[in-house]
Amino acid sequence: MKIANEALLSTHGLRMHYGRGSGLVRAVDGVELAAAAGEALAVMGPSGSGKSTLLHLLGGLQRPSAGEVWLAGRRIDGLSEKALARLRRQTIGFVFQAFHLMDELTAAENVELPALLAGRSPRTARRRAAELLERVGLADRTGHLPSALSGGERQRVAIARALVNEPLIVLADEPTGSLDSAATVEVLRLLDSLRTAGQTLVVVTHDARVAAVADRLISMRDGAFVEETRLSLDSGGRLGERLGALTGLEG
Amino acid sequence: MAQNVGAPNKEPSDGYQLRVVQEVLLALLAKEASHGYQVRARLQLALGPLAEALNAGQVYVTLNRLEKAGLVSAERVGQPDRPDRKVYELTRAGRTRVLEWLGDTSWPKPAPAEFHLKLVAAAAAGLADPERLVADQRHALLAGLAAAQRAALTEPDGSVAGLLLEGVVLRLEADLRWLDTCAQYWTSRKAR
């Protein structure tokens with residue numbers, strides 16, 4: 001319980017091993033993670049470093065081989081399938097690289113769906129969806145099917161959907177992995193606004209730009225955390241002065 | 001690299017920056033004769049949040065130097081109840097200098113050589129662990145990337161200062177990729 005009291009989301013000795021003998025893969029190998037409420041955390045590493053598996057363990061999409069996952073004071077790694085499904089629906093917002101929108105539903109219906117599944121009234125779900133689509137800059141796209149939207153717009157719908165049940169935490173797996181650079185900036189702007197709004201966020205990525213949105217960045221290699229970088233800017237000088245040194249304009 | 005393009009007023013320590021500020025002010029004056037505060041306003045518009053890095057007096061100090069060097073001429077304009085203001089205008093020599101600067105393709109601050117030599121020397125002498133140096137450098141660049149990107153994301157669409165910030169972000173991204181390559185090299189050397 002001690003870990004659970006300090007962090008909104010934490011893990012202890014978390015492991016995920018596949019195979020055995022010489023074929024053993026240690027995808028996640030002894031991860032100690034703690035994300036405070038309101039913190040935006042990035043886990044960065046090359047492909048195969050275990051970061052996606054880690055995110056699946058954090059969100060209850062996979063069960064660990066060993067170790068513990070705590071969310072809001074509750075140990076979740078041993079919950080039943082049914083309890084996990086309820087937890088995912090009500091307290092976690094997921095954002096995936098491939099968006100995972102329902103093709104036959106409009107943008108608004110995609111956003112409403114998790115709210116309806118969580119037992120909200122159709123009216124409340126509709127209102128929340130409209131608010132969120134406006135917040136992600138898609139107020140004029142609510143009736144569009146995903147096929148009529150650009151990649152960046154689809155990901156913004158997916159982010160709105162992730163927020164519809166006011167999750168305790170948003171988990172994002174390579175949220176810009178399928179996007180061109182202009183769409184990437186749209187999504188970065190949105191993630192940055194989530195961070196400033198105090199949404200607890202864990203994003204795993206190989207892209208330094210995505211990671212740079214976080215307050216704290218953890219580098220992952222071979223299933224383990226190897227380095228940690230604080231990115232919050234409250235310490236050490238004004239923004240302009242810090243940037244000046246990067247542009248050759250200090251003087 | 002940066003110093004080899006004929007800077008007449010080179011200062012021993014920060015001559016490079018100063019030289020660039022001189023050329024920039026000259027170029028900003030090329031449009032029309034202007035007061036110092038107008039030049040400063042143009043500079044601030046172009047730099048956005050980065051303008052904080054320049055101290056306010058530097059524009060005026062530099063304009064004085066340019067005047068002494070004969071690159072700008074200054075005309076005093078009287079104002080009621082206030083000290084005279086100067087209106088600066090490019091001289092022929094100043095215009096020539098601006099054109100030289102525009103045509104100069106040397107790229108500012110090529111940093112990798114210094115850092116590379118730091119790693120090689122540290123490893124050879126056993127002074128420090130190159131992997132540690134790379135990791136520390138990575139923390140610093142990531143913090144810089146976060147700062148530049150946050151500033152870029154808060155610029156409105158179409159902001160000219162946003163374009164500069166985007167340049168900083170892209171450059172840091174490339175530097176970070178190179179650091180990853182450095183880390184791989186020095187890690188594999190250690191494993192041998």
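Start with helix α2 of chain A, residues 51–58: this helix lies across β1, β2 and β4 (66–71) of chain A, and it runs at about 55° to β2(A). Keep in mind that you're looking at a predicted model.

Now for the strands under discussion. They belong to an open sheet of four strands in chain A, and if you read across it the order is β2-β1-β4-β5, with antiparallel pairing. The edges are β2 (25–35) and β5 (74–75) of chain A, each of which pairs on one side only. As a reminder, strands of a sheet pair through backbone hydrogen bonds, either parallel or antiparallel.

Let's look at one pair up close. Strand β1 of chain A covers residues 9–18, and eight bridges join it to β2(A) in the antiparallel sense. To get your bearings, find Met16(A), which stands opposite Val28(A) in β2(A).

Zoom out, and chain A as a whole comes to nine helices and ten strands. How does the radius of gyration of chain A stand against that of a compact globule? For 251 residues such a globule would have a value near 18 Å, and chain A has 19 Å, so the two agree. The C-alpha trace of chain A spans about 60 × 50 × 35 Å along its principal axes.

Among contacts in chain A with a separation of 6 or more, 68% come from residues 24 or more positions apart.

Note on methods. Residues numbered from 1 in each chain as written. Chains lettered and ligands numbered in written order. Predicted model: local features only at pLDDT ≥ 70, side-chain atom pairs only at ≥ 80, totals over all residues. Pairing = 2+ DSSP bridges. Helix = DSSP H or I, 4+ residues; strand = E, 2+ residues; numbered from the N terminus. Contact = placed C-beta atoms within 7 Å. Axes fitted to C-alpha atoms, helices over the stretch in contact; angles between N-to-C directions. Rg over C-alpha atoms; globule rule 2.2 N^0.38 Å.
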